[in-house]
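Here is a friendly walk through one protein model, from its rings to its cores and open spaces. Please keep the 3D view at hand as you read.

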Amino acid sequence: MPKSPENLVTLSWLNQIMNSFLRIQIQVTNFALEDATPRSKAFAGRICKILVEYTEDPDSVSKTLSLSAKFLPEEDIFAKVAKRMRLFERETMFQHNFVKQIVRMQRVHPDRAMVPHIPKCVYASASSRIMAIVVDDIEEYGFEVQNRQKGLSKDEVFLVMEALAKLHALGFMVLRKHKDRASDMFSRFYAGYPYLSPEVRDAAADRARHAELLLANVVNNANNSRLFGNYVKRSSLPERHQALIETKTSLHSFCHGDCWSGNMMFKYDERSNGTGKPKKVRLLNFEATHYAHPGADLNHFFYTSTSKEVRKHMPEFLKLYYDEFFKYLRLLNVDFYAKNYPYKQFLIDFKRHSEIGLISAVYILPVIMHNKDYSLHVFGDPNSLKALTNKAELSNTASQQVNAILIPLRFFTLAFRSQR
């Protein structure tokens with residue numbers, strides 16, 4: 001059984017990982033460990049903050065560094081699911097192999113290499129003794145999480161398009177230049193869909209019933225609820241999701257896999273709870289990374305993280321993404337050009353993956369509805385989400401975002417029911 005944070009995080013361990021991360025000899029003198037989120041919400045991992053005090057030599061002034069760490073969940077059911085889904089293995093592979101590989105392949109000094117918009121990784125392990133992902137705590141640099149119920153603004157979406165284009169271009173470079181080696185290094189963890197354990201299938205079925213109830217009770221549309229119910233009865237959502245990400249196209253890359261606003265942090269011109277103009281974004285939590293067409297990430301993002309009004313700008317967003325993707329490929333000297341993959345074909349492939357928008361919305365709805373007190377105690381309790389739906393008290397903002405997600409369900413249901 002992997003060590004708990006209280007048993008793992010010691011002066012000795014911190015000295016080891018900090019010396020490797022900073023690339024200089026330092027001495028950790030003190031630290032503080034505390035939970036960053038309630039443990040009841042720790043489905044994929046227990047999130048902690050570690051405040052580290054250290055000196056570079058005995059006579060120097062003490063310095064501090066704040067780290068964000070993810071450990072195996074404490075509750076047995078969550079820990080078993082995280083292991084079965086290989087969440088820590090995937091993220092460790094992403095940090096150890098993918099990120100380091102893209103730096104090596106650019107043949108420049110590591111400090112000048114192009115890397116994804118992600119926090120710097122301090123430590124990553126998925127061994128039987130230690131399951132931990134430790135990254136630089138970017139909240140200390142002014143990054144913050146947006147309100148999940150509000151949905152992202154147009155300016156925030158533009159930043160996300162640029163970040164995803166960069167991530168996907170780097171992933172495409174790895175697959176394009178070293179296809180055989182990349183397959184050997186990553187196939188065990190990145191091929192296929194990570195969410196196929198029995199527990200997740202049950203949770204997906206509960207969330208589908210939850211969405212069905214919302215259509216009937218929140219949107220007050222019994223016909224949509226019936227159509228959606230018929231849609232999800234044809235096959236389980238996880239299997240359908242896997243089939244979609246395995247759709248054959250001429251463009252595949254590493255995709256984030258859980259690409260929504262809850263896995264992003266933004267920095268603004270004025271740090272005042274997101275009221276300033278956004279200028280930077282960082283992508284978080286890569287435990288669901290897999291091979292797929294970029295349209296999988298894009299559809300997941302649009303239909304879980306944006307409002308109906310913001311989605312009116314979809315053509316602008318997609319064109320920006322497309323242009324940025326090929327800009328990064330040119331900078332990376334990858335011999336794949338826009339003429340090889342015209343924008344028209346990109347739009348066709350994007351639409352072929354649009355059903356992922358529906359499935360992702362179903363997964364995310366309970367989290368958005370119960371932003372403060374929602375926990376993922378749904379495994380083995382088929383009535384939990386129904387109870388949450390019955391007692392949900394939605395703010396105006398939450399109601400708007402839930403409706404923004406539910407409204408497309410009618411379109412998706414009508415569009416896809418004949419294809420199943």
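How many aromatic pairs does the structure hold? The structure holds 21 aromatic pairs. Rings of Phe, Tyr and Trp (its six-membered ring) pair if their centres lie within 6.5 Å, with planes under 30 degrees apart called stacked, over 60 edge-to-face and the rest tilted. Before going on, please note that this is a predicted model, in which local features need pLDDT of at least 70 and side-chain atom pairs count only at pLDDT 80 or more, while totals for chains, interfaces and linings use all residues. Residues are numbered from 1 along each chain as its sequence is written, and side-chain values use heavy atoms, with hydrogens and water left out.

## The overall picture

The protein has 15 helices and nine strands; these are DSSP runs, numbered from the N terminus, with helices (H or I) of at least four residues and strands (E) of at least two. Of its 420 residues, 56% count as buried, where buried means under 20% relative accessible area, exposed over 50% and partly exposed in between (1.4 Å probe, protein chains only). Among contacts between residues at least 6 apart in sequence, 76% join residues at least 24 apart; a contact means heavy atoms within 4.5 Å.

## Rings around helix H11

A pair of aromatic rings is described by the distance of the centres and the angle of the planes. Tyr 322 and Tyr 343 make an edge-to-face pair, at 5.0 Å centre to centre and 65° between the planes. This pair links distant parts of the chain, since Tyr 322 belongs to helix H11 and Tyr 343 to helix H12, 21 residues apart. Phe 326 and Phe 336 have their ring centres 5.9 Å apart and their planes at 20°, so this pair is stacked. It too links distant parts of the chain: Phe 326 is in helix H11 and Phe 336 in the loop between H11 and H12, 10 residues apart.

| Residue | Relative accessible area | Class |
|---|---|---|
| Tyr 322 | 6% | buried |
| Tyr 343 | 22% | partly exposed |
| Phe 326 | 4% | buried |
| Phe 336 | 8% | buried |

These residues belong to a cluster linked by ring pairs, whose members are Phe 172, Tyr 321, Tyr 322, Phe 325, Phe 326, Phe 336, Tyr 341, Tyr 343 and Phe 346.

The charged end of Lys 319 sits over the ring of Tyr 343, 5.7 Å from its centre, and that of Lys 327 sits over the ring of Tyr 328, 4.7 Å from its centre. For such a placement, NZ of Lys or CZ of Arg must be within 6 Å of the ring centre and within 35 degrees of the ring normal.

Glu 324 also lies in helix H11. Is Glu 324 buried or exposed? At 13% relative accessibility, Glu 324 counts as buried. Leaving out residues up to four places away in sequence, Glu 324 touches Glu 162 and Ala 165.

## Two nonpolar cores

A nonpolar core is a set of buried Ala, Val, Leu, Ile, Met, Phe, Trp, Tyr and Cys residues joined through side-chain atoms within 4.5 Å. Which members of the largest core touch the most others? Among its 54 residues, these are Met 161 and Phe 302. Elements that each supply at least two residues include helix H4 (87–105), helix H5 (154–177), strand S7 (264–268) and helix H11 (314–331). The largest share, 14 residues, comes from H5.

Phe 302 touches Val 157, Met 161, Arg 311, Met 314, Phe 317, Leu 318 and Phe 350, not counting residues up to four places away in sequence. Apart from this core lies another of 21 residues, including Trp 13, Leu 14, Val 122 and Ala 132.

## Two asparagines with positive phi

Most residues other than glycine have a negative phi, and most peptide bonds are trans. Asn 285 has a positive phi, near 60°. Asn 285 is found in the loop between S8 and strand S9 (290–292) and is partly exposed, with a relative accessible area of 25%. Asn 333 also has a positive phi, of about 60°. Asn 333 lies in the loop between H11 and H12 and is exposed, at 64% relative accessible area.
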